[in-house]
Amino acid sequence: MKKLFFILLSTFTFAQQDIYGLWVNQDGEYVTIRENNTFERFTKEFTLAKGNIELMEEGMRIVRKDTLDTYQLCYYVGNETMVVCRPRDEKAWLFYKLK
């Protein structure tokens, strides 16, 4: 029974860390996160942010390339959704995985 629990927990943890791919939120914003740990957040009209992501135990560190800004965000990734805390705000984004 302990082995089964450990296997299920390992599978769940792996699925949570699959941040790579294309995501969309209900505001019509997209974010693509590549396996080289770069990202771009955009709408159909223009780019909102781009930079590098460093995953850490306490969250993700964002180093923007389009501005001189660096910050740390909390996040959670499920099977089809990703919640990311907004920088310097009490709100969060809810993204849905497209691919």
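Visitor: Which residues is N25 in contact with, leaving aside its neighbours within four places in sequence?

Guide: W93, L94 and F95 are the residues in contact with N25 once those neighbours are left aside. Contact here means heavy atoms within 4.5 Å. This is a predicted model, in which local features need pLDDT of at least 70 and side-chain atom pairs count only at pLDDT 80 or more, while totals for chains, interfaces and linings use all residues. Residues are numbered from 1 along each chain as its sequence is written, and side-chain values use heavy atoms, with hydrogens and water left out.

Visitor: Why is N25 called buried?

Guide: Buried means under 20% relative accessible area, exposed means over 50%, and partly exposed is in between, with a 1.4 Å probe and protein chains only. N25 has 7% relative accessibility, so it counts as buried. Its place is the loop between β1 (21–24) and β2 (30–33).

Visitor: What makes a stretch of the chain a helix or a strand?

Guide: Both are DSSP runs, numbered from the N terminus: a helix is H or I over at least four residues, a strand is E over at least two. The chain has 1 helix and 9 strands by this count, in the order α-β-β-β-β-β-β-β-β-β from the N terminus.

Visitor: Which element of the chain has the lowest mean pLDDT?

Guide: Helix α1 (residues 2–16) has the lowest, at 41, and strand β3 (residues 38–42) has the highest, at 97. pLDDT is the predictor's confidence in each residue, from 0 to 100. Over residues 1–16 pLDDT stays under 50, and the model has 6 contacts for them beyond four places in sequence. The chain has a mean pLDDT of 85, with 83% of its residues at 70 or more.

Visitor: Why does T43 count as buried?

Guide: Its relative accessibility is 14%, and therefore T43 counts as buried. T43 is in the loop between β3 and β4 (47–56). Not counting residues up to four places away in sequence, T43 touches G28, E29 and L48. A polar atom of the T43 side chain also lies 3.2 Å from the backbone nitrogen of E45.

Visitor: What makes Y76, V83, L94 and Y96 a patch?

Guide: Like charges are joined within 9 Å, and nonpolar side chains (Val, Leu, Ile, Met, Phe, Trp, Tyr) within 5 Å. One of the four, V83, has 33% relative accessibility and so counts as partly exposed; V83 is in strand β8 (residues 81–85). The four residues form a nonpolar patch on the surface, with about 320 Å² of accessible area together. Accessible areas come from the Shrake-Rupley method with a 1.4 Å probe, and for residues only the protein chains shown count as cover.

Definitions and conventions: Patches are made of residues with over 30% relative accessible area and no salt bridge: like charges are joined within 9 Å, nonpolar side chains (Val, Leu, Ile, Met, Phe, Trp, Tyr) within 5 Å. A salt bridge is a side-chain nitrogen of Lys or Arg within 4 Å of a carboxyl oxygen of Asp or Glu. A polar contact is a pair of N or O atoms within 3.5 Å; within protein, one must be able to donate a hydrogen and the other to accept it, and residues adjacent in sequence count only if both atoms are side-chain atoms.
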